[in-house]
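Dear colleague,

Please find below the structure I was asked to pass on to you. My notes on it follow directly after.

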Amino acid sequence: MSEGEVRTPDYSRAIAGARAWRLAPTLWARMGGLLWSHAMLNAWTDREEKVAECDMGHPAPAEGCSCGVYAWQNVDVMRREGYAPKDHQHIAGVVAGRGRVIRGGLGYWVAESAVVLAFFDDGYPSPAPDDSGVPRPTKAEAVEAYGLPVIRYDDFNDFCDDYGLIRHGS
Amino acid sequence: MVHMIRMVRRGKEKREEIYEPVEWPPKRREDREPPRRGEPSPNPERRRERRREKVPAK
């Protein structure tokens with residue numbers, strides 16, 4: 001397809017995904033957003049759509065480049081791949097992606113942009129504030145900041161259907 | 001650290017798809033405004049799928 005040519009959309013709904021983040025570990029990090037990628041490479045600004053950018057200057061996502069917004073296509077894959085939170089420093093949720101999307105055979109997708117729609121009750125609540133005097137972001141704080149529902153892993157499919165998302169692999 | 005992301009993106013990938021939701025950000029079904037009388041369904045790809053279901057000529 002030549003540059004500038006308009007492609008007909010494949011879907012008129014958003015793609016469903018599940019992903020995990022690391023909660024901002026410091027007050028400095030909190031300023032960028034409560035949710036950070038696992039690798040702490042970039043933050044998701046609270047309540048805003050996450051739009052992918054690439055340092056190489058090309059539109060994200062792209063073949064052969066790691067740029068783009070990542071998610072697993074469902075909860076089962078996220079858990080199977082070991083990305084479901086197992087501590088109070090990570091949080092997971094439901095995301096919806098849009099724009100150009102590349103789906104991988106291993107059950108992930110990489111999109112142009114995504115928004116958070118819900119968080120999962122993962123069974124690892126944040127502990128009460130310690131005596132260090134340094135406030136650390138908690139899962140409850142993330143839920144409150146985003147104003148989103150908390151759902152069980154088992155409710156993923158129903159939740160996505162309620163929001164009219166395209167589900168793959170489940 | 002970038003290595004970690006590249007580890008995720010491996011294996012065979014499908015061709016690029018375009019998701020252009022009519023409604024963004026997505027809303028819960030019961031929070032959506034009901035369609036006005038005479039307005040087309042806000043789900044074009046479902047209409048496309050229906051059109052494909054042709055009965056073979058006898």
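**Where the two chains meet**

In β1(B), Tyr19(B) is the bridge partner of Gly99(A). The model is predicted, so to speak of local features a pLDDT of at least 70 is needed, side-chain atom pairs count only at pLDDT 80 or more, and totals for chains, interfaces and linings use all residues. Residues are numbered from 1 along each chain as its sequence is written, while chains are lettered from A and ligands numbered from 1 in the order in which they are written.

The bridge belongs to an antiparallel pairing of strand β6 (residues 90-103) of chain A with β1(B), over 3 bridges; two strands pair if DSSP finds at least two bridges between them. Chain B has 2 helices and 1 strand, in the order α-β-α along the sequence. Helices (H or I, at least four residues) and strands (E, at least two) are DSSP runs, numbered from the N terminus.

In total, 28 residues of chain B are in contact with 33 residues of chain A, contact meaning that the C-beta atoms, placed from the backbone, lie within 7 Å. On the side of chain B that touches chain A, two or more residues each come from α1 (2-8), β1 (17-19) and α2 (44-52) of chain B. The largest share, 5 residues, is given by α1(B).

Of the 58 residues of chain B, 5% count as buried, that is, with 20 or more other C-beta atoms within 10 Å of their own, these atoms being placed from the backbone.

Yours sincerely

Technical notes: Contact = placed C-beta atoms within 7 Å. Buried ≥ 20, exposed ≤ 12 C-beta atoms within 10 Å, placed from the backbone.
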